[in-house]
Amino acid sequence: MPPPSPLEFAFLYRRIDDQPLTLDNYQPLVALYEDEHQRKVVRKPSQKGLSEWAITIACFVLAFGARYYGLKHKAGLNVGYVFSTKEAVTFFSKERFSGLRAETAFLANLFTHYDAVTFKQAGKSYLYVAGGQSVAGMKSFAADLLILDEYEEIAKSIVSLAQKRLNNSALAHEIKLSTPGLPGVGIDAEYLASDQKVWEVLCPACGEYNELDFFRDVRADGEVRQVWETWDKERLWKARMHVACPNCKVPVDTFGPGRWTKRRPEVESVSGYYVPPLSVGKVDLNRLAVTSISADPSELTEFYRSDLGLPYSPKGSRVTESMLKMLSAELPQSRLPAARWRDVTMGVDVGAKYNYRISASGPDSKRYVIAMGVVSSWAELDRLMSDYGVRRCVIDALPELNGCKDWALRHKGKVFRAFYPSTDALKTRMFRLAGEHKEERAREADANEADKQEAYTVQINRTMAMDAVFSIVSKQEEHWPAAIHNDPEVEKQMCAPVRVLVKDKDGQEHARWEHTTPDHYFHACVYDLVAFKSLPRSNFVGVLPYTGGEA
């Protein structure tokens, strides 16, 4: 007979540091061991015993899953365990799964005929271990339980392929667990879409259950954070630390009795947990306090994500609402002046609709954003080109490749179709127009019309161009009327992209912009900026339709 639950299996067969597994100081994890929901999401700090939990669940399903879940037509169940990279898989499989043999006699005999790094047999069940960057590795197995460990670092395309491994399973259980990255994406987005369980600790003094908060509840020598964050690190290392009940302010045992509470009980499709950093495993309040006042952005980022299990975007890494509001600070009554404009350009981001930005140079030679909005047809873009006297437009070539090409032909010489190639293709250049070299222009003379149209394209270094837009907004190098930057959708989309540092396969850090929500207006700004910077200079002056003030 199988053990009555995965929790009892853990107590019977798992040993950690040569000692029987115990959940003392890990009380919140009991619910995870007992949770049999089909889809589970865990947003966690690092080093809190969650990988051991996932491994235990995997072993339980391999050994007893078919009988435990009453799948009489199945002799065994398959587990797919996906980790972040191929290198991480090798280390993880050898240390964690192969290391199980030294824990108990049962686990020593779990993997029978095959016990390779990426493929293990457990009786009639099979374990597949794959790296989260390999497409090939996602196509070679069928799974009844899929575990996506360090979900934040697994490519989205790989996640989609991995999930298809569950298509033919009667069980089809899925676990996603990870430390978070940016707010609203990755594991944080998955957690926000769940029932959002949080751990509440009972205060014996007042009888209230409360979710503990590091910034609100941690005391140093009895002082609140607003006081101790001004101390130097040496003083914090020596301070007497405790966690205070947010209700009665009495010191509370963070490992004492507690309960999981659902913030969104109406959600039943996903069981989500935020593992509490102050109530699980080893907690060094002095170290946490010292790290929390660091001036090093990288250290502070890891403090939020790895120590607290909270999503975090560093300061200065995204456009903010206050930055946008400053763009109208020098405008009379925050509106555009009546003026004669020159060098009018437009950028268009193509999606379900067409988000556009139109800008022009004023009499003072500064750039003014004249209009931002959304239209739903190529004909409406035609009207914008005509009404505003647009000299050059850069438009997203994808996803409507043919439609975009046809529209550009109607405005031949004025419209350039934009592509984002790999950053390496442009290296230190923000953009490159096709046909800008003499030999390319010479070839155009003998080309047919279809080939000539390819000359009206531009390749854009995505990171560099988005950096440039961020710099312009943060330094207030453009004027935007308040009516534009106060538009809720404009504000939301301009604040969506976040600049992050990621490591390549060689361990080198590179900047990359990621979006947490749709960011079409931001990319319209990119295309408009490239349109202006690539514009041949002239003395052309046009009068634009104007509704923001008196003409």
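A quick term before we start: two strands count as paired if DSSP finds at least two bridges between them. And keep in mind that this is a predicted model.

Q: How many helices and strands does the protein chain have?
A: Let's count the secondary structure of the protein chain. It comes to 22 helices and 25 strands.

Q: What share of the residues in the protein chain is buried?
A: Buried here means under 20% relative accessible area. The protein chain has 551 residues, and the buried share of them is 51%.

Q: How many of the residues in strand β7 are buried?
A: Strand β7 covers residues 145–149 and is mostly covered. Leu145, Ile147 and Asp149 point one way, Leu146 and Leu148 the other way, and all are buried. So, with under 20% relative accessible area as the cut-off for buried, the count for β7 is five of five.

Q: Which residue stands opposite Leu148 in β7?
A: Look at strand β4, residues 78–83, which pairs with β7 in the parallel sense over four bridges. The residue standing opposite Leu148 is Val82.

Q: Which residue in β8 does Leu145 stand opposite?
A: Strand β8 spans residues 173–178 and pairs with β7 in the parallel sense over five bridges. Leu145 stands opposite a residue of β8, and that one is His173.

Q: Which helix joins β7 and β8 in a right-handed β-α-β unit?
A: β7 and β8 are parallel partners. The helix that makes the right-handed unit with them takes in residues 156–163, and its name is α6.

Terms used
Residues numbered from 1 in each chain as written. Predicted model: local features only at pLDDT ≥ 70, side-chain atom pairs only at ≥ 80, totals over all residues. Heavy atoms only, no water. Helix = DSSP H or I, 4+ residues; strand = E, 2+ residues; numbered from the N terminus. Buried < 20%, exposed > 50% of the residue type's maximum accessible area, 1.4 Å probe, protein only. Right-handed = clockwise from strand over helix to strand, strands pointing away.
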